[in-house]
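Please read it alongside the sequence and the coordinates.

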Amino acid sequence: MPIKNRPLYLVTDRTGLTTPEFLNRIQAACAAGVDIVQLREKDLLGREYFELAQQVKRITDQFQIPLIIDDRIDVAQAVDAAGVHIGQADLSVAVARQLMGPEKLVGATTKTVTQALEAAKAGADYVGVGAIFETTTHVKTVRTSVATLAAIKDQLNIPVYALGGLTADNVAAVTPAHVDGVAVVSAIMKATDVTTATRVLRQAVLQAVAHQ
């Protein structure tokens with residue numbers, strides 16, 4: 001599945017949710033306009049992660065949406081996911097590319113121009129850049145300026161996604177960077193009404209990347 005023209009990227013967070021509640025939120029988000037789903041559940045062990053990934057993939061397959069697995073190459077391969085996403089503390093992009101093969105997607109989280117260029121050179125299909133704003137997730141974040149985001153986009157010829165604390169109310173801030181899309185967690189996963197939140201967010205994202 002191509003990564004281009006998929007502006008709304010959902011990263012999961014099942015904190016406080018039962019498995020049925022979690023899956024219902026993924027289903028609703030996919031139906032309402034999410035373009036990519038990244039399963040990011042750091043606390044799960046191998047078998048649990050695999051079983052949850054299978055359930056999520058059944059949903060994403062219904063909507064022909066790429067499923068990206070965070071960090072766990074073994075799980076990505078086991079469920080035949082569209083790809084894997086690598087953080088700065090995970091295996092290198094080069095190793096991920098070697099293990100995943102040429103047909104699968106490899107994404108990387110970057111915070112600087114140097115990191116982004118290195119990821120692209122090593123075989124990344126896209127990069128996520130941030131955090132642009134403070135986040136409400138349990139993940140420790142380091143802020144990245146919109147100027148740095150713009151510099152990364154200017155120097156890379158692969159898709160660039162802005163991430164970190166982005167919502168329908170503030171996503172316009174990344175418009176000057178000319179990014180290809182926006183990755184969110186809480187704006188959808190913590191929404192009271194996932195369907196409405198996703199639709200509103202999608203419209204805001206499309207305006208922020210409307211020049212593409």
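The points below are grouped by topic.

The model is predicted. Eight strands close into a barrel, with parallel pairing and the order E1-E2-E3-E4-E5-E6-E7-E8. On average, neighbouring strands of this sheet are turned by 25 degrees against each other, with direction ignored.

**Strand pairs**

- Three bridges pair strand E3 (residues 67–70) with strand E4 (residues 83–86) in the parallel sense.
- Within this pair, Ile-69 has Val-84 in E4 as its bridge partner.
- E5 and E6 run parallel and are joined by four bridges.
- Opposite Val-127 in E6 stands Ala-108.
- Val-127 points from E6 to one side together with Val-129, while Tyr-126 and Gly-128 point the other way. All four of these residues are buried.

**Helix H2**

- Helix H2 (residues 46–62) packs on the sheet, where it touches strand E2 (36–39) and E3. The direction of H2 makes about 160 degrees with that of E3.
- H2 has 17 residues and reaches 24 Å from its first C-alpha to its last. This is close to the 24 Å expected at 1.5 Å a residue.
- The buried residues of H2 are Tyr-49, Leu-52, Ala-53, Val-56, Lys-57, Ile-59 and Thr-60. These residues lie on the same side of H2 because they cover an arc of only 160 degrees around the axis.
- The cover over the buried residues of H2 includes H1, E2, E3 and helix H3 (73–78).
- Exposed residues Arg-47, Arg-58 and Gln-62 are carried on the face of H2 that is turned away from its buried side.

**Asp-13**

- Asp-13 is located in the loop that connects strand E1 (8–11) and helix H1 (19–32).
- Is Asp-13 buried or exposed? With a relative accessible area of 7%, which is under the 20% cut-off, Asp-13 counts as buried.
- The side chain of Asp-13 makes a polar contact with the side chain of Thr-15, at 2.6 Å.

Terms used: Residues numbered from 1 in each chain as written. Predicted model: local features only at pLDDT ≥ 70, side-chain atom pairs only at ≥ 80, totals over all residues. Heavy atoms only, no water. Helix = DSSP H or I, 4+ residues; strand = E, 2+ residues; numbered from the N terminus. Buried < 20%, exposed > 50% of the residue type's maximum accessible area, 1.4 Å probe, protein only. Polar contact = N/O pair within 3.5 Å; in protein donor to acceptor, adjacent residues only side chain to side chain. Pairing = 2+ DSSP bridges. Axes fitted to C-alpha atoms, helices over the stretch in contact; angles between N-to-C directions. Contact = heavy atoms within 4.5 Å. Expected span 1.5 Å × (residues − 1). Arc of directions from axis to C-beta.
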